[in-house]
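Let us walk through a protein model, one step at a time. Keep the sequence and the 3D view side by side.

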Amino acid sequence: MDLIFNYWYIILAVIAVLVVSAVVIYRYLGLPREEQLAKVREWLLWAVTGAEKELGGGTGQLKLRQVYDLFVMRFPWLVRVVSFDQFSDMVDDALEEMRSMLQNNAAVKGLVEGGNGYGSADT
């Protein structure tokens, strides 16, 4: 009983984190399927852009592997539903969107190309 009294604030914090996590998961799962996929696509665009910045051009398979590893960590439950081929197609779509952003947005281009010195958006 003393253990509970001595560490009540830690127990309360753990309960709060669990409740917030449950609410976030419930809200996400409550979204229509298309909205869920849109959120995953937005995340994929972020992940692909980060991989491009970090690894540069000409490293397509390495970037794909890095993004897939991040995907597995971020969406472990979705890995059971989405095949690697489907994931690869989604990454290709994100790459196309990233390339379009690089051509049309100087700030994005500076972020990606300025960070590593490679200066290429090739896969």
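The paragraphs below go from the overall fold to charged side chains.

This is a predicted model, where local features need pLDDT of at least 70, side-chain atom pairs count only at pLDDT 80 or more, and totals for chains, interfaces and linings use all residues. Residues are numbered from 1 along each chain as its sequence is written, and side-chain values use heavy atoms, without hydrogens and water.

Start with the fold. The protein chain has seven helices and zero strands. Helices (H or I, at least four residues) and strands (E, at least two) are DSSP runs, numbered from the N terminus. Of the 123 residues in the protein chain, 28% are buried. Buried means under 20% relative accessible area, exposed over 50%, and partly exposed in between (1.4 Å probe, protein chains only).

Now look at helix α4, residues 60-74. Its buried residues include Leu64, Val67 and Phe71. Lys63 is buried too, with a relative accessible area of 6%.

Which residue forms a salt bridge with Lys63? Glu52 does, with the closest N and O atoms 2.5 Å apart. Glu52 lies in helix α3 (residues 33-55) and Lys63 in helix α4, so the pair ties together parts eleven residues apart in sequence. A salt bridge here is a side-chain nitrogen of Lys or Arg within 4 Å of a carboxyl oxygen of Asp or Glu.

Arg65 forms a salt bridge with Asp69; both lie in helix α4, four residues apart. Glu96 and Arg99 also meet in a salt bridge, and both lie in helix α6, three residues apart. An α-helix has 3.6 residues a turn, so residues three or four places apart point the same way.

Conventions:
The expected span of a helix is 1.5 Å times one less than its number of residues.
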